[in-house]
Amino acid sequence: MSEETNTQSKQSPSGNRLSKVRGLSDRAIAWIFISPTILILLAINIFPLIWTVYLSFTNYRVNRPNKEVEFVGLRNYERILSDSDIWITMQATAHFLIWTIILQVVIGFTLAYLINKKFKGNDLWTTIIVLPMMLSPAVVGNFWTFLYQPQIGLFNYVVGFVSGADPSSFSMIGDVALAPWSIVIVDTWMWTPFVMLICLAGLRSIPDSIYEAAECDRASKWRQFWTITIPMVLPFLMLAVLFRGIENFKMFDLVVQLTGGGPGSITELTSINLKREAFEKWRTGYASAYAVILFVSIFGIASIYVKALNKVKSR
Amino acid sequence: MSEVILDQVSKSFSDTAALDKVSMIIPDESFVVLLGPSGAGKTTTLRMVSGLDKPDSGSIVIEGVTVTDHTPAQRNVAMVFQQYSLYPHLTVRENLEFPLKSPLLNTAKKDIGEKVSAVAELLQISHKLDNKVTELSGGEMQRVSIGRALVRTPNIFLMDEPLSSLDAKLRADLRIELKRIQSDSGATLLYVTHDQIEAMTMATHVGVLDKGKLVQFGPPREIYENPVSIYAASRLGQPRINVLPADIFGSAPGGAKFIGLRPEQIVQGRGESATVRRVEHLGDQTRLHLLFNKHEIITVTDAHTELKSGDELRIQPKDAFFFDDQGIRLI
């Protein structure tokens, strides 16, 4: 280490002199460079987090700034955890999360597997498949409301054409039974390409020579798939699940544009519900406690998951 | 174990011909070594026999069955890859078990365990059986790769420079071990190398490849003592055969352009005078670098020679090889 510094100072005597003139050590310069980032992080991430935790123990309302703030202890948390409406919201979120992940992983992996076969024009297909992911969620939400239109919507028309049912006999967004699936379909349409790209990276990381060895070892294609492809892509798949899981737990824009949480509150996911509590009902203290609960659960689940992921990786 | 026949096998990759009408019979229970520099078509030949690549023309017969269109699994061949190609997510044991677990073999669990430990013992990797293969050294990985082939009883073993990444001692040990395994079990083996010591010590037959053509095929002694060309003669023998203008020692047969002299074809102490330029003591032998008529000759002499640089030494050719202007052997 000291040798390195020696050669460095020999190579750049001018730089050395400069830092001596200013009286700054390397470490001090490093701090100067990273301090703006740290300050911004503290200001926009860490401080609001701590402030939220503080607010969650009060009955503060942001639309009544002059009212005296009362410390209420854990009462906000009690009320949230015993509120049956919130559990319905949680169920809606779970339904959305589980089905989008299952569908996106299955379809995404299948697409990646097919695209990875060497055929003519697979680059072009990759580009086409990836397109939905590049659109704005608000735009996607908006135009799917047209596709879902019972009278003129393309989605209803295609479903009607395939199944023989009358296209205007059902409404994906308006129907209580169908609405939860309407958001699953759109999210899957939009984000499956993302899962496909990650799976493709995983598939491309497996060298051909390993399949050649397996072929010489008389492993069938089926066995190669289950004993080589799947185990070697698994860390990538798990990473995709983590990304999609975190993203969809905080899903907001797409669903607000598409259903607005309706009909009723059937598709009101937690983040939409939270926004309503905080910025429509202005129950700031209550909403803060809600946010803290969500944060802790995402953080907890993600940490456990990352541990599992590392275990799979090091296997 | 079985006989393998290649008949007029050709293969091109885009515009370059990797193999050009290669025909060869790999006899049952033989140890065939393919020699040649990189690009000569050694590995391509191996991949043709394995079924990983299909020939453009020609046919391949294993044990009397034409297998040209068969998959590697149908051919029942075991291959050792140069770049190991182990299953990185599996342990050493799981790697060795992998071929035995093929439904085509239907091996009993007990037999799998026994075979794996026997092979691990043989290759000195028993203590590593439960390690992940990615934790092994290069030499250990290569031994696992050899082991993965040895647990099976295939029609033919195909090995692509399996010893090239091992250290000298292990290489010498495994050379003897592989030869012993082959002669004990009567396995047929097709082996690619550019190490002539491996070729001389292990092979029952050597095939010399040059730019996709099989130029000579036969027992190693025959190729050493009776090479068809300068190219084939240069593949075997250390120090290499000396190639000089044909008339350097006087008369030469008609059409001869070059004379080829191996160390044992140079008689010392008689004939014409040469100057010693360098003496290399290798322990068991001593190499002499001679200057003769402005040409350098490398030969071997007594290990305890008194000769030193600058001395004069008389030399004379004996039973020399003569080659024409294309390098083809005349006499």
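This is a predicted model: local features need pLDDT of at least 70, side-chain atom pairs count only at pLDDT 80 or more; totals for chains, interfaces and linings use all residues.
Trainee: How many helices and strands does chain A have?
Mentor: Chain A has 14 helices and zero strands. Those are DSSP runs, numbered from the N terminus: helices are H or I, at least four residues, and strands are E, at least two.

Trainee: Why is chain A called more spread out than a compact globule?
Mentor: Its radius of gyration is 26 Å, well over the 20 Å that the globule rule gives for 315 residues, so chain A is more spread out than a compact globule. The radius is taken over C-alpha atoms, and the rule is 2.2 Å times the number of residues to the power 0.38.

Trainee: Switching to chain B. Which strands pair with S9(B)?
Mentor: S3 (residues 31-35) pairs with S9(B) in the parallel sense over four bridges. S10 (residues 213-218) pairs with S9(B) in the antiparallel sense over five bridges. Pairing takes at least two DSSP bridges between two strands.

Trainee: Which residue is the bridge partner of B:Leu209?
Mentor: B:Leu214, in S10(B).

Trainee: And what sits between S9(B) and S10(B)?
Mentor: Two residues, in a hairpin. B:Lys211 in the turn has a positive phi of about 45°.

Terms used. Residues are numbered from 1 along each chain as its sequence is written. Chains are lettered from A and ligands numbered from 1 in the order in which they are written.
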